[in-house]
Amino acid sequence: MPEAAGQCPACLRGIRAGTRFCPGCGQTLGAAPAAAPPGGGARSAAAAQFAEHWGELKGVLWLFGLLLATSFVAGLVSRTDSSPWPSVVVTAVDAAIVLVAAGLRRRRLVFLFKVHAIGARRALELAAASLLFLVAMSGYFAVLKNLGVPFSSATESFARAGWPAWTMIVTISVLPALFEELAFRGVIQSSLERIFNARDAWLIQAALFSVLHLSPLVFPSHFLMGLWFGHLRMRSRSIYPGMLVHGAWNAFVVLEELAG
Amino acid sequence: MEKTWEIDAANTVKARFGAFGRKLVTVNGTEVHDTRKAGKKGGIAFPLPDGRRAAISVKGQLVGGPEIDLRVDGGLVVETPKAPIRCAACDTAAKPYDRFCGKCGQAMPTAEDYRAKKYVRHATGAIKWLAVLFLAFGVLMYFVTKGQADAALVKLQGAEPGASYTVGDETLGVEELRARLEWEPKGVLVVNLILAAIMAVLAWWGRRAPLPAVLIATAVYVVVIVFNAIADPATIGQGVIMKIIIIAFLAKGIKAALALRAANA
């Protein structure tokens with residue numbers, strides 16, 4: 001049994017010797033009783049914040065889960081159907097999912113569709129760094145291929161079916177760049193920024209972006225890509241630079257395969 | 001198993017869960033419930049000496065042991081741990097029923113906070129386990145796959161240089177197939193080493209930032225399951241109980257870490 005040394009003037013709880021604050025209500029002992037003891041308000045604020053953040057996180061998980069589900073179905077279908085149609089259908093379904101998710105948050109995302117003046121020097125720096133990044137990525141994949149790492153071809157099913165090159169550019173390069181940027185740097189990064197600080201939101205969206213490519217061998221490289229596209233979005237406060245660089249990378253992959 | 005709750009300076013509840021489902025509850029040393037005598041099932045309700053209503057509930061969990069709670073007038077009570085509770089800000093010893101530190105006035109964690117911390121610990125523990133599992137599985141599968149690939153390579157030695165083989169929906173020449181077979185065991189090892197490294201990094205990060213780490217670990221783990229299922233749909237059913245347990249730990253950890261963030265904000 002603790003040694004009783006008096007009573008709190010605010011909540012009348014017995015207090016132990018040597019305490020400066022009431023362990024029951026937090027009242028500073030020796031001071032005039034506070035009008036309302038702290039605690040209750042903080043708890044209800046915490047509950048409200050939890051509900052808001054949990055709702056936001058559920059939205060992110062739903063979007064990620066739906067995109068993963070379409071990739072899963074497309075993966076299973078492509079086991080038996082070697083035509084480009086599974087790829088086309090999954091691109092269209094993913095686009096619809098992302099558009100709905102973005103539409104539900106359109107007011108919050110509208111700033112990403114504006115072109116903000118960032119200055120010519122900074123724009124040039126970002127463009128040069130993006131170019132360097134793309135060169136580094138292509139070098140990384142060239143090294144992996146030289147080491148004998150097999151990569152599945154993105155264009156093979158299109159070429160086998162005799163589809164023209166522009167269909168590959170649109171389906172493999174342009175549309176994924178637009179909708180992946182809208183999903184990850186738009187909806188997901190913006191939602192995560194409401195829960196986490198900007199750095200954690202940036203890291204998480206990059207991680208989710210890399211794992212959704214469904215190949216552990218490209219997790220590290222696509223994590224770096226997610227970081228770079230997220231960085232572009234944060235520096236430019238716009239989604240367009242990321243779309244441009246992402247599209248350029250996808251186009252490079254398609255053209256390299258077509259040339260090879 | 002024995003549990004103790006110091007409700008306040010005057011009331012201490014002890015519950016002993018013995019063999020054959022026996023539950024003995026005492027308040028300040030006085031027996032208030034004994035299943036051997038009462039034979040009740042479900043929650044154990046009893047009054048405290050000051051008239052407040054107390055109830056102990058035992059809830060079975062999908063994963064882990066049962067959750068045993070004491071509620072007094074509906075409010076969850078902090079269980080008295082073996083090591084004394086200390087203030088996170090000034091390290092002063094505190095009682096489980098203290099809502100504020102007596103020395104610095106810092107708000108002490110509630111029973112819900114302690115529970116959330118436990119779930120987060122379980123989730124970060126699951127990430128560590130995943131790191132070890134991916135590492136062990138990678139090494140094991142490397143040797144298994146190498147044995148199979150070596151046997152196939154021996155068969156391939158006698159093949160005509162111009163021969164072609166159909167693997168899945170692909171047609172491969174001898175050299176392509178040889179390169180593929182040589183890569184196969186290395187690929188299994190590299191993929192699992194990458195996953196083990198990711199989980200190890202997340203386990204380390206989870207000590208400072210549990211919510212992002214658990215969130216990413218869950219995404220990675222689910223994607224690995226999906227990736228394997230695409231490659232071989234039969235893998236969905238393999239180790240399904242283990243998969244459910246790990247995902248349940250991680251999902252509970254996400255919600256608990258979010259609740260802790262909100263409480264500490």
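**Group meeting: a two-chain predicted model**

Let me start at Asp91(B), which sits in the loop between β9 (85-86) and β10 of chain B, where helices (H or I, at least four residues) and strands (E, at least two) are DSSP runs numbered from the N terminus. This is a predicted model, in which local features need pLDDT of at least 70 and side-chain atom pairs count only at pLDDT 80 or more, while totals for chains, interfaces and linings use all residues. Residues are numbered from 1 along each chain as its sequence is written, and chains are lettered from A, with ligands numbered from 1, in the order in which they are written.

The phi of Asp91(B) is near 65 degrees, a positive value in a residue other than glycine. Most residues other than glycine have a negative phi. Is Asp91(B) buried or exposed? Asp91(B) is exposed, because 11 other C-beta atoms lie within 10 Å; the rule is that a residue is buried with 20 or more other C-beta atoms within 10 Å of its own, exposed with 12 or fewer, and partly exposed in between, the C-beta atoms being placed from the backbone.

Arg99(B) lies in the loop between β10 (93-94) and α2 (111-157) of chain B, and Arg99(B) counts as buried because it has 20 other C-beta atoms within 10 Å. The C-alpha atoms of Arg99(B) and Pro109(B) are separated by 7.3 Å, although these residues are ten apart along the chain.

At 1.5 Å a residue, the 47 residues of α2(B) should span 69 Å, and the end C-alpha atoms are 68 Å apart, which agrees; the expected span is 1.5 Å times one less than the number of residues. The buried residues of α2(B) include Tyr119(B), Ile127(B), Phe134(B) and Ala149(B), and their cover includes α3 (174-206), α4 and α5 (240-264) of chain B. Here contact requires that two C-beta atoms, placed from the backbone, lie within 7 Å.

Which residues does Ile127(B) touch, not counting residues up to four places away in sequence? They are Met199(B), Leu202(B), Ala203(B), Gly206(B), Ala213(B), Val214(B) and Ala217(B). Ile127(B) is also one of the residues that touch the most other members of the largest nonpolar core, which has 72 residues, and Ala183(A) and Leu208(A) are among the others. Such a core is a set of buried Ala, Val, Leu, Ile, Met, Phe, Trp, Tyr and Cys residues joined through C-beta atoms within 7 Å. The largest share of this core, twelve residues, comes from helix α4 (residues 210-231) of chain B.

Next, the confidence and the domains. Chain B averages a pLDDT of 88, with 96% of the residues at 70 or above, pLDDT being the predictor's confidence in each residue, from 0 to 100. Among the elements of chain B, helix α1 (residues 35-38) has the lowest mean pLDDT (60) and α4(B) the highest (95). For the complex, the predictor gives an ipTM of 0.86 and a pTM of 0.85. Chain B is divided into domain 1 (2-77) and domain 2 (116-264), with bounds that come from an automatic or database domain assignment, and the C-alpha centres of these two domains of chain B lie 43 Å apart.

Now the contact between the chains. It takes 41 residues from chain A and 37 residues from chain B. On the side of chain A that touches chain B, the elements giving two or more residues are β2 (14-16), α1 (40-80), α7 (198-211) and α8 of chain A, and α1(A) gives the most, with eleven residues. That side of chain A divides into 27 nonpolar, eleven polar and three charged residues, where Ala, Val, Leu, Ile, Met, Phe, Trp, Tyr, Cys and Pro count as nonpolar, Asp, Glu, Lys and Arg as charged, and the others, Gly among them, as polar.

Arg237(A) lies in the loop between α8 and α9 of chain A, has a positive phi near 55 degrees, and counts as partly exposed because it has 14 C-beta neighbours inside 10 Å. Helix α9 (residues 240-259) of chain A has 20 residues and reaches 28 Å from its first C-alpha to its last, close to the 28 Å expected. Its buried residues include Pro241(A), Trp249(A) and Val254(A), and what covers the buried residues of α9(A) includes α4 (120-146), α6 (165-193) and α8 (219-236) of chain A.
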